[in-house]
Amino acid sequence: MITCTFGLVLKLIASIIGLFIVSVRVGCATFLQPSSVLDIGMQHGGSDNVSVIRTDPKKVKVEFYMESLCIDCQRFMLEQLHPAYALLGDSVMDLTIVPYGNAKIDTAKKQVTCQHGAAECDANSFEQCAIQLYPYASRYLPFIYCLDQSLSMGYDDKLIPRSLFAECARESAMDFSVIAACHDDVKQAWRLQRKAAKATPKEHKYVPWVVIDGQHAMDEDKDSFLNIVCQAYQANGGHHAACQDKTAHGAVSTVK
């Protein structure tokens, strides 16, 4: 008698659980949800409760390899990259900037020689520290843009006054004291120089060197950066108001 009663109790519990949990199978996946949620869906005329998961288009990965006192890098930043980012933002572009360019590194002597002198190595270090401390392009891009508006391009072995970097940090809502501390930390500054050297493609022939979705796919002097990014985004299924009626100057292809 006790055995029969216990068996009835177990069946009653199983029935209650079965009423509460409904297994909805969609394709190869199984989702468990309360039956009350399923009932609400059916009350609105739906016979099948299938959830449609919407995925956003893949962002366009943009890598900008540059050096701080390069006039061509400055021109690309002011005329192409910054205006395009202002229009498209990080919803379209996954942007990485690497300040190093054509510098040469001697790991044995722990020395870096820059194309435009000691001033450029020093400015690169400030930019590398800003990127390290504020690792999102939306945060560090204003700092580098400000410097490109302020620095005198070309070769110089005389270090640029810190007040200029401090002012650009202030305008970019950055704490210059932590950027300066990073720059002045010999071990940290050297580590970031090595990191930038390693990140810069060995096959790059000049700067600015722009890589889009893994390919060096533009003539930085002639092509429209905005158009090429828009074309890549549209190829990923994306749509943006700034990309309407935009076509790249020629087909996107790898520059060998």
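I take buried to mean under 20% relative accessible area, exposed over 50% and partly exposed in between, with a 1.4 Å probe and protein chains only.

**Basis.** I worked on a predicted model, in which local features need pLDDT of at least 70 and side-chain atom pairs count only at pLDDT 80 or more, while totals for chains, interfaces and linings use all residues. Residues are numbered from 1 along each chain as its sequence is written, and side-chain values use heavy atoms, with hydrogens and water left out.

**Confidence.** I looked up pLDDT, the predictor's confidence in each residue from 0 to 100. The chain average is 83, and 74% of the residues score at least 70. For residues 19–47 I noted pLDDT under 50 and 28 contacts beyond four places in sequence; a contact means heavy atoms within 4.5 Å. Residues 247–256 also have pLDDT below 50, with 18 contacts beyond near neighbours in sequence.

**Aromatic pairs.** I counted rings of Phe, Tyr and Trp (its six-membered ring) as paired if their centres lie within 6.5 Å, with planes under 30 degrees apart stacked, over 60 edge-to-face and the rest tilted. The structure holds five such pairs. F76 and F225 are edge-to-face, at 5.5 Å centre to centre and 75° between the planes. Because F76 lies in helix α3 (residues 71–88) and F225 in helix α9 (residues 225–235), this pair ties together parts 149 residues apart in sequence. Helices (H or I, at least four residues) and strands (E, at least two) are DSSP runs, numbered from the N terminus. F76 is buried at 3% relative accessibility, and F225 is buried at 0%. I recorded F64, F76 and F225 as one aromatic cluster.

I next took F126 and F176, a stacked pair at 5.9 Å centre to centre with 25° between the planes. F126 in helix α4 (residues 118–133) and F176 in helix α7 (residues 176–184) are 50 residues apart. F126 is buried, with a relative accessible area of 0%; F176 is buried at 17%.

**Largest pocket.** I used a 1 Å grid over the protein atoms alone, where a pocket is an open set of points at which a 1.4 Å probe fits, with protein on both sides within 12 Å along at least five of seven lines; lining residues have an atom within 4 Å of a point. The largest pocket holds about 320 Å³ of space. Its lining includes K110, D122, H183 and W190. I found that β6 (111–113), α4 and α8 (186–199) each supply at least two lining residues, and that α8 gives the largest share, five residues.

Conventions: Grid points are joined across faces, edges and corners, and a volume is the space filled by probe spheres set on the points.
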